[in-house]
Amino acid sequence: MNEITESAPDPNKDDLPLMANVGSILVRHYVLDLTVNFDRKVISGTIVLYLEINKTYGKIYDSVGTGCCPYSQALFETEQPGSSCNSTASIAASASVDKIYNLSKHSGGRVTNVNNCNHSNTEWTSGISGRREHCSNGDDFVLVLDCCDLVVNKVEEVNVTATPGIERLIGIDTSMSKNKIYSQRLQNDVQSRILDAILGLGGECWQEQHCFYLECSKAPGCGELQFQTDRWSLQIKKLGIQTPKDFPRVLRIYYETKPEGGSVRWTKDQSGRPCVYTSGSPINNRALFPCQEPPEAMATWQASVWAPKGSLVLMSGENCAEPKYNGALSNWFYYVTMHMPASTFTIAVGYWVEVVAECSFRSQTLNSSSSSSSSNYTNKSSDSLLFCGHPAYPCRFQNFIAQAQNCIPYRVFAPECLKVRSQEVLLPLVAQCLSAAHCVLGTHPFSRVDVLIVPASFSSLGMASPHIIFLSQSVLSGKQNLCGIRLCHEIAHAWFGLAIGARDWTEEWISEGFATYLEDVFWANAQKLSEEAAKEQQQLKSLLRWRRLRDEILNSEEELQVLRPNKQNTGAVSDSGSTIVKHGLNAGKSFMQVHYLKGYFVLHYLENRVGQKAFLKFFRLFVERFHGQLILSQDFLHMFMENFSELRSQGLSMEVIFENWLDVAGIPKPLLDETLKWTENRLVCEVQSEVTKWIKINKKDRKGSCKRKRSQKDEVTFKELLPDQLVLLLELLLEVKSFSFRTLQLLQKHYCLREQDAEVRHRWYELVIKHKHTVAYRDLINFLEQHQAMGVYLYGELMVNEDAKQQHLVHRCFTKLQEEMDPSLQKVIAEMIL
C-alpha cells in the first residue's frame, strides 16, 4: 500500500480506497441488530461501534515512520491470553456477573426503523480531517469510516452510563455524571473509564466482556452527531471535539443497505427461493455496514439478525445459533471473540436445508456443534506454554483439547434440489479433509464450520470466512476429485488468510498461494495416498499449473503479474491510516490466478530446497508464532531463513527471493528449470501415450472409410485416466490443428465427458469451440448457465473464433443470464462481447 496523501482517491481509477482513519482511532467491537427484507432487497437496522484511541499505531509512526520491520508490529497493547484477568476484570467478575452467561441466548432488542428520518447534515461540507492529536487551528476531529451504497439515517452518541449496573464495573456512582453541575468533560471521563474497563476484559473473561458490550449497546442515545457520506466513506464529527481522545467512545448508526450495494448479492437459489449473501466483492463489507476496512483494524463482533420465519441465517460466529421466533420473523444471534478484520465478516440468509447422512442419526461431530463455542476452550490456557503474539482472546492454540481435535464440528447446507447430490459428493468429504488439515498443520484456528452451496451466479469455486465456507455448485460435478480439492483449498484458508492475514491486501499470494500449495498436501492426506503416489499427483498438478501460469502471463498486463506490486513500500500507509489497494477495483483481476499460481510455485521452490517434511514442520511453527496476526511477505521469509540458515551459504536470501519471485513480472527464472522433470512423471507419460493414440485415430479417421474407422476403434485400447490426467489430455489435444467430427464424438463417448467434473468439461468445451463441434453446443450452453464462474473464459474463446453461430450463442446466453450474474463477471463478459 503506497503512502498516500489525505486527498480523496480518484474514483475513476481501479485502485480501491480504504478511507478509515485508523491511525487515530480504532473500532474494537461491533454490535449489529439487523433485519433482512427480501421484498425490498435491503438489510436495515443499527450498528454500535466501540472505539479506542490507537496509541500503538501512533507510537509505530513516531518511532519507525512507514518503513517495514522484520516482524510485523502488534496491533494492540493488551495482556497475553495466558495471563489472569487484571484487577478491573476481577471486580467485574465478582460484582457485575453472578453467573456464567450463555451468549447464544441473547438476541438483543428489536430496533425501531428510522427510514423516515433524514439526518444527512448536507450543510456540513468540511473536509476529512487527518490524524489530529494536537489541533491548533480549531478544526473538529472527524471519524472516517469505510462506507459505500448505504443510506445512513442517523448517528448518535450512546450513553453507556445509563446501562443498569454498569457503575459496579468502575466502582463509582455513575449518577454523578448525569448531574448538570458536572461538566461534559466529566461525562466523557466516566464514559471512557467504562469503555477502558470493558476493553480490559479479555481472554479468560470474554463472556463478561461480551455481555457488557451487548447491554451497553441497548443504552439510550445522548445526542445526535453530525455526519456526511461520499462515495467511499461516512464522516462523523461532534462539534467542539478537536482530538480523537475527546471523541465519543460509543456510537450508534441507523442505516440500511441499497439493493445494488456491492457487498451483498440478492438472488435466488437453485430451487428458486430468495437468498442473500456477502459476495466477497472488491469493496468487501463497506456496503453491508459502516466499518474500518484497513486490515490493521481488527475487531470482534456480535450480530442479531431478524429474517423471515422459515429462512436460515448463517454467519461468521463461534456459536451454532438457534432461532427464536417473533411473529413472522425469526432471530439469530452470533458472536466472535477472535479479533478479525471487518472484511472477514460473512452472512448468508436463505431457505437452504441441512444435508445429513441418509438413514442415520446425526454423528457425534454434528451433534456437538451446538455446544462447541469458545466456552469449551476457556479457563484452560494456562495448561499450555505456547506464547501468543495476538490480542487477548480465548485462543484454541492455547488449549490441549482443541489441539487434539482433529475434526471440528461441521454442518453442510444446500438448496433442496441439490440436497441428494451434496449428500453423495460433499458430505462424506468434510470430515476427511478437516482431519487431513489437522494432520498437516495441527490445531484448527476456529471451533466449528458451516459449508454452504451457494447459487450458480457465485463468482468463484469457493470462498472461506471465519466459521463458514461458500462452495459453488460446480464442485458437485463429476465424482469427488474437484470437490475434495476445492474443499481442501478453502479449509487451508482457516490458517492462511483468516487466522494469519495479509497486512497489505496487495499481497494476495500470502493467502491464495499458501492455500493452493496446501490443497495438494491436504487432499493427498485425505485420500491416504502413499508418499510416491502423492508425489506423482503433485507433479502432475504442477505441470497443469505451469501451463495455466504461462497462458495467464501471455495474456495479462505485466503490472498484474507481480506478487508484491508495492515492493519496498509494501505495508506503507498515510499518517491517518488510510490506504489504497492497487487494482482493487479491476473487475478482470478477480478472475486471474497469477497470485494463486506464482504463490504456489514460490512455496514449491522453497520446499524443494529443504524437503517437504521439514517444510511442513516449519509451517506448523510459523502458524504457532503468527496466528491471530497480520503479516507481510518478509515475516514469512525472515522466519524461513532463520530456521534454514544453511541456505545462505547456498546463495539464497530474502533479497534473492524478492528479486526472482515476488517483485518481478513474467515466469520466475528458477521455475524454467523445473518443467523437464514434470514431463517425465509416470502420470504425465500415460497421458502423452494416450494423446499419441488419439492423434493416430484422428489421422486415419479423416482419410479412411467408415469400415476402417470402426475397425480402428475396435483395435485401440485406451487407459483409464484420473480427472487431472483428463484435463492434461484435453489441453494437449487442444494443440492439434484439427479434429474430425467422428474423433470428437468418440472422445466424448469414451471418457463420458458430459459426466466429468467441471474442470474436465471446461477443457472439453474449449475443444468443442475450437473445432465448431455443433452437436455439443446444447451442452455448452448448459455449462455456461450452471457454471458461471468457470464459463468466463469460454465467452472469450467463442468471440475470438468470429463464427456467427458461436457469437449468436454468446449473446443468447449473456442476455439470459446477465441479470443474475455477479457484477464483476457481468462487467468482464460485457467488455468481451459488446
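Of the contacts in this chain between residues with a separation of 6 or more, 77% join residues 24 or more positions apart, where contact means heavy atoms within 4.5 Å. The model is predicted, with local features needing pLDDT of at least 70 and side-chain atom pairs counting only at pLDDT 80 or more, while totals for chains, interfaces and linings use all residues. Residues are numbered from 1 along each chain as its sequence is written, and side-chain values use heavy atoms, leaving out hydrogens and water.

The chain contains 27 helices and 24 strands, which are DSSP runs numbered from the N terminus (helices H or I, at least four residues; strands E, at least two). Of its 834 residues, 62% are buried, a word that stands for under 20% relative accessible area with a 1.4 Å probe, protein chains only.

Strand β2 (residues 25–37) runs parallel to β12 and is joined to it by seven bridges, with D33 standing opposite S304 of β12. Strand β15 (residues 329–341) pairs with β12 in the antiparallel sense over 10 bridges, and here L329 of β15 is the bridge partner of P308; two strands are said to pair if DSSP finds at least two bridges between them.

Next comes the nonpolar core, a set of buried Ala, Val, Leu, Ile, Met, Phe, Trp, Tyr and Cys residues joined through side-chain atoms within 4.5 Å. The largest such core has 215 residues, of which Y30, I236 and F619 touch the most other members, and helix α11 supplies its largest share, 10 residues. Leaving aside residues up to four places away in sequence, F619 touches L441, F496, F514, Y517, L518, L603 and F636. A second, separate core has 25 residues, among them V48, V158, I166 and I198.

Finally, the second largest pocket holds about 760 Å³ of space. On a 1 Å grid over the protein atoms alone, a pocket is an open set of points where a 1.4 Å probe fits, with protein on both sides within 12 Å along at least five of seven lines, and lining residues have an atom within 4 Å of a point. Of the 31 residues lining this pocket, A524, E531, A534, K535 and Q612 are the closest to its centre. Helix α12 gives the most to the lining, with seven residues, and other elements giving two or more include α9 (427–441) and α14 (612–626).

Notes. Grid points are joined across faces, edges and corners, and a volume is the space filled by probe spheres set on the points. Buried means under 20% relative accessible area, exposed over 50%, partly exposed in between (1.4 Å probe, protein chains only).
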